[in-house]
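Dear colleague,

I am handing over the structure shown below, together with a short account of what was found in it. Please keep it open while you read.

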Amino acid sequence: MNAFVVADAGLCIGCQACMIACAKAHSPAGSPESGQTTGAMAAGRVFQSRITLVRTAEVTVPVQCRHCENSPCANVCPVDAIVQKDACIDIVEKSCVGCKSCMLACPYGAIQVVADDTVCGKQAVVEFREKTGQDTLHVVVKCDLCFDHGSPACVKICPAGALRLVEGRQLSESIVSKRRAAAGRMGRIGSQH
């Protein structure tokens, strides 16, 4: 099973620290955004988080990719730009053609298509322009569990402890434990009759 980050809506305080940590973790090294966060937002620079904070009247909670098994986004991608990588679903950004099929297929609304050279880098934009003649490079961005950083930045920064990384092994153990508990309850019910 794939790992994913889960949020506890009862603990989330809506501070957006997860979004800022995500954007900073995914800013290209050496870019103005890599060393800044709020300054970059105030200056109107690209500040691309891979998390969306959803607010309703009753709850605030961050939403990000669940790294689905048999991922609908990967299944509809016409150029195989969404792939299984170790224990997560990853995007091969150089292959993405920005068709938005994955956005439509994602049951969580966790995928965004952005027009941004900070995702792929300026060289990728130059190559894209030469290849297609189009000015804007559109690419898919979504949670990658901070694969290159060791652990999710959002989980590390959350001041309320509302986010946690669930690894496949933990999920498998939890499922087995719940099934044993349910079987135990059924056995007790059966012995009472």
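Predicted model: local features only at pLDDT ≥ 70, side-chain atom pairs only at ≥ 80, totals over all residues.

The nonpolar core

The largest nonpolar core comprises 28 residues, and within this core Ile82 and Val140 touch the most other members. Two elements, α1 (17-25) and β5 (88-91), each give two or more residues to this core. The greatest contribution comes from β5, which supplies three residues. As a general matter, nonpolar side chains in soluble globular proteins tend to be buried together.

With neighbours within four places in sequence set aside, Val140 is in contact with Ile91, Glu93, Cys96, Cys102, Ile111, Gln112 and Val113.

His67

His67 belongs to the loop that runs between β3 (60-63) and α4 (72-76). Because its relative accessibility is 2%, and buried means under 20%, His67 counts as buried. Two polar contacts involve its side chain. In one, the side chain of His67 reaches the backbone nitrogen of Ile89 at 2.9 Å. In the other, a polar atom of the side chain of His67 lies 3.3 Å from the backbone oxygen of Cys143. Leaving aside neighbours within four places in sequence, His67 is in contact with Asn2, Ala3, Phe4, Cys88, Ile89, Lys142, Cys143, Asp144 and Leu145.

Lys142

One of the residues in contact with His67 is Lys142, which is located in the loop between β7 (138-141) and α8 (153-157). Lys142 is buried but has no salt bridge. The nearest side chain of opposite charge belongs to Asp90, 6.0 Å away, whereas a salt bridge requires the charged atoms to be within 4 Å. Outside the four places on either side in sequence, the contacts of Lys142 are Arg50, Cys65, His67, Ile89, Ile91, Ala110 and Ile111.

Ser95

Ser95 is found in the loop between β5 and α5 (101-105). Its relative accessibility is 31%, so Ser95 counts as partly exposed. With neighbours within four places in sequence left aside, Ser95 is in contact with Val79 and Ala81. The C-alpha atom of Ser95 is separated by 8.8 Å from that of Ile82, the two residues being 13 apart along the chain. Ile82 was named above, together with Val140, for touching the most other members of the core.

Yours sincerely

How values were computed: Residues numbered from 1 in each chain as written. Heavy atoms only, no water. Core = buried A, V, L, I, M, F, W, Y, C linked by side-chain atoms within 4.5 Å. Buried < 20%, exposed > 50% of the residue type's maximum accessible area, 1.4 Å probe, protein only. Helix = DSSP H or I, 4+ residues; strand = E, 2+ residues; numbered from the N terminus. Contact = heavy atoms within 4.5 Å. Polar contact = N/O pair within 3.5 Å; in protein donor to acceptor, adjacent residues only side chain to side chain. Lys, Arg positive; Asp, Glu negative; His and termini not counted.
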